[in-house]
Amino acid sequence: MPVRLQDLRARLRAWPPLRVDAALATVVFVEALIEAAFTAAPWSARAEVVIPAALMAAALVLRRRESLVSTALAAVAIASVSLLRTSVADGLEGLFIAWLFVTYSMASREEGRRLLAGTLIGLAAVTAAIALAPHPSAADFLFGVVIFLAAPTFAGRTLRSRVRLGQALAAKATQLDRERGRRAQEAAADERARIAGELHDVVAHALGAMTIQAAAARRLADKDAARAAGAFEAIEHTGREALGEIRTLLDVLRAEDASTAEDPALAPQPSLSTLEDLAERLRRAGLQVEVAQQGVTPAKLPTGVDLTAYRVVQEALEAALEHGHAGAASVLVRFTDHELLIEVSDDGPRGDRNLLGLQERVRVFGGRVEAGGGQPGGGHVLRAGLPLESVPA
């Protein structure tokens with residue numbers, strides 16, 4: 001039973017607001033007719049319930065779109081109940097509960113003058129209902145104002161305050177996340193600048209030392225072969241040491257796959273042959289990726305073109321997951337006689353995704369990149385082309 005109740009709640013929450021209000025209005029209308037049917041009064045007196053019931057039903061339908069009109073209709077409905085026969089009016093509890101709901105909705109949506117106008121309409125309704133009663137009294141008026149006006153108005157204002165507080169907290173959290181992201185980007189940029197300076201120093205020092213050692217080795221080559229061999233060995237050692245330091249610094253900049261067990265300095269450059277590994281990593285992150293290839297891979301595909309093609313797919317898929325909030329994507333790699341074509345499509349929104357980095361990377365090889373909406377029903381697709389004229393078949 002609890003599971004079925006949860007399913008029912010989930011289905012009701014999925015309904016459009018207008019449908020929910022229409023269903024509630026129908027229930028109140030039918031319930032008022034049923035209550036009137038069981039009262040001890042002539043059928044002509046019972047039939048008069050249709051008017052206040054219809055007015056209250058209309059008020060419930062309009063409570064979200066026109067709060068003041070809804071309150072006015074409900075006020076007329078409550079006042080007209082007092083004109084009914086006493087035996088009939090005393091049995092219409094559902095209409096008074098609906099009045100509380102309408103007043104609560106008005107107070108939770110309106111501000112300023114509109115709130116004051118809605119409150120005055122409610123006060124007029126309570127006053128009219130008490131005045132038209134058979135034996136009105138000050139106690140009845142005070143009770144009606146507190147129960148049928150002050151209580152639902154206070155509840156509506158409390159809800160509005162809580163909603164506003166939630167919105168303010170959500171906006172503050174979003175602002176803090178953006179600020180945190182901006183600071184992280186600035187820290188990353190500062191770190192890259194520091195590493196770039198270190199790279200410059202390493203390369204400059206290594207080239208300077210190797211130049212001096214090479215000059216000495218050239219002078220000693222004909223006079224002292226042993227010392228010249230030592231100089232060449234020093235050049236080799238200096239070059240290897242510089243390459244090791246450069247690899248270490250570049251590894252800091254490169255976002256390596258955390259799942260690989262290889263030494264990052266010795267790991268090979270990614271290529272189209274490793275697309276399935278990339279797809280598997282993104283599947284674990286929540287993006288269902290399918291990879292397909294058409295055509296025959298050239299016998300000798302330049303490393304730069306191969307790496308660029310891989311980066312195009314990688315950045316397109318990561319953007320689909322992080323910025324496009326996609327759930328599924330497909331990759332098509334197609335080789336023609338003169339061009340390598342890449343198409344990455346996903347089911348994310350057609351938002352504007354930053355392609356400047358990809359465009360610069362592909363333009364180096366004379367290629368092109370374009371992106372836009374996918375199928376008519378939605379989605380995003382990125383297409384790239386890299387020329388293969390210089391690649392032997």
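User: Which residues have the most contacts inside the largest nonpolar core?
Analyst: This is a predicted model, in which local features need pLDDT of at least 70, side-chain atom pairs count only at pLDDT 80 or more, and totals for chains, interfaces and linings use all residues. Residues are numbered from 1 along each chain as its sequence is written, and side-chain values use heavy atoms, with hydrogens and water left out. Leu272, Val313, Leu317 and Leu340 have the most contacts (heavy atoms within 4.5 Å) inside the largest nonpolar core, which has 31 residues. Such a core is a set of buried (under 20% relative accessible area, 1.4 Å probe, protein chains only) Ala, Val, Leu, Ile, Met, Phe, Trp, Tyr and Cys residues joined through side-chain atoms within 4.5 Å.

User: And which element gives the largest share of this core?
Analyst: That is H12, with eight residues; helices (H or I, at least four residues) and strands (E, at least two) are DSSP runs, numbered from the N terminus.

User: What does Leu317 touch?
Analyst: Leaving aside residues up to four places away in sequence, Leu317 touches Leu278, Leu282, Leu287, Val289, Ala329, Val331 and Val344.

User: Switching to strands, how do E2 and E3 run, parallel or antiparallel?
Analyst: They run antiparallel and are joined by seven bridges, with Val331 partnered by Val344 in E3, and the two strands form a hairpin with three residues between them.

User: Which residues are on the covered face of E2?
Analyst: Ala329, Val331, Val333 and Phe335 are on the covered face, while Ala328, Ser330, Leu332 and Arg334 are on the uncovered one.

Note on methods:
Buried < 20%, exposed > 50% of the residue type's maximum accessible area, 1.4 Å probe, protein only. Pairing = 2+ DSSP bridges.
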